[in-house]
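Hello,

Here is the structure I said I would pass on. My notes on it follow below the entry.

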Amino acid sequence: MANDGPVEHGYPHLETVRAAVTALYKRLSYDTIQTFATSVLPADVAFCDTDDLYLGAQRVAHELVRHYRLPDARLVVSFREMRHAANVELAAGPEYFVELNDRFRTHRRDIGAALAHEVMHVYLHRLDLSFTGVRDNEILTDTATTYLGAGWLLLDAYREDGASSQKLGYLTPEEFGYVLAKRALLFGEDPSVWFTSPQAYTAYVKGMTLARRDGQEPPLTAAAWAGRRRYARDRRHAPAGPPQPGVRYRFSPDEDGRLRVSFPCPTCHQRIRVPVRGRVRARCALCGSVLECDT
């Protein structure tokens, strides 16, 4: 939790974020991800200053348990002084103990954001899905929280001005915006109407720009002229030499010596390999996306 300190910006964890989206599709399947088409709504996690602190926190936790479809999980929420925003004790269940930073006693509107991340830890624990190392595992948790419909709360908790700042989670605001935009493109959802933080909206717009660019890279037919020109030049020299920097496609020969190109699916980031022979329609085996290519 960044609390009145510097907030990191940009996309330093982008490759781990993309790997996390791929891991979700592999572990859950496209059909299961489709069951999360509706995000957590603001009214479901609203927290008024007049609400009882503990009963309100339990109510919000219960709503997030319901959203993640963990009906047999029970969360016990408490507050204490701590460095991080929150912590959850991952045991066998069905009861899990969540501690929230004392800061949330007076910043109650962000309790839903903190709990969204911690309940996702429980969800991933039950899936037995994790990345190696604390940092990468926390990035996986932030990504899963956002992609499955509760991460807009984490982005909305980001606020920054000349005097103070607050950010929850391990992703940068722009990375939260990117994952949220990928979700919005998948489900046709507009989460920006729920933001109360203007900085969150700005980060979401930047993330959407990058998310749309994923679907506009060669060999996809939606690629811009400059990208198509570079692709044609690289194809003429393929497969000699190492992969070119700054591009995500890779050329390689198949067992018969015919040239193929591989590139990441713009939806789930699983790599797809197709023959180099002009117009090709490719279907991602992981998420089912049908892609128009000009190889």
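In α1, the residues L14, V17, R18 and Y25 meet E175, Y178, V179 and L186 of α7, where contact means heavy atoms within 4.5 Å. Helices here are DSSP runs (H or I, at least four residues), strands are runs of E (at least two), and both are numbered from the N terminus. By class, the contact of α1 with α7 has 6 nonpolar, no polar and 2 charged residues. Ala, Val, Leu, Ile, Met, Phe, Trp, Tyr, Cys and Pro count as nonpolar, Asp, Glu, Lys and Arg as charged, and the others, Gly among them, as polar.

This is a predicted model, in which local features need pLDDT of at least 70 and side-chain atom pairs count only at pLDDT 80 or more, while totals for chains, interfaces and linings use all residues. Residues are numbered from 1 along each chain as its sequence is written, and side-chain values use heavy atoms, with hydrogens and water left out.

Back to the helix pairs. The axes of α1 and α7 come within 10 Å and cross at roughly 35°, and the crossing is right-handed. Axes are lines fitted to C-alpha atoms, for helices over the stretch in contact, and angles run from 0 to 180 degrees between N-to-C directions. A crossing is right-handed if the near helix is turned clockwise from the far one by less than a right angle, and left-handed if anticlockwise.

Helix α7 (residues 173-187) also meets helix α8 (residues 198-214): their axes come within 7 Å and cross at roughly 55°. That makes α7 oblique to α8 (under 35 degrees counts as roughly parallel, over 145 as roughly antiparallel, 65 to 115 as roughly perpendicular, and the rest as oblique). The crossing of α7 and α8 is right-handed. On the α7 side the contact residues include P173, Y178 and L185, and on the α8 side they include A203, M208 and D214. The residues of this contact divide into 11 nonpolar, 2 polar and 5 charged.

T22 lies in helix α1 (residues 14-28) and counts as buried, at 10% relative accessibility. Buried means under 20% relative accessible area, exposed over 50%, and partly exposed in between (1.4 Å probe, protein chains only). Not counting residues up to four places away in sequence, T22 touches C268, H269, Q270 and L286. H269 is in the loop between β8 (259-264) and β9 (271-275), and is buried, with a relative accessible area of 8%. Its phi is near 70°, a positive value in a residue other than glycine.

D128 is another non-glycine residue with a positive phi, about 60°. It sits in the loop between α4 (111-127) and α5 (134-147) and is exposed, at 69% relative accessible area.

D52 is in the loop between α2 (30-34) and α3 (53-67) and counts as partly exposed, at 43% relative accessibility. A polar atom of the D52 side chain lies 3.1 Å from the backbone nitrogen of Y54, and one lies 2.8 Å from the backbone nitrogen of L55. Leaving aside neighbours within four places in sequence, D52 is in contact with F47 and A57.

Last, a cis peptide bond joins P218 and P219, with omega about 10°. P219 is in the loop between α8 and α9 (225-237).

Regards

Notes. Polar contact = N/O pair within 3.5 Å; in protein donor to acceptor, adjacent residues only side chain to side chain.
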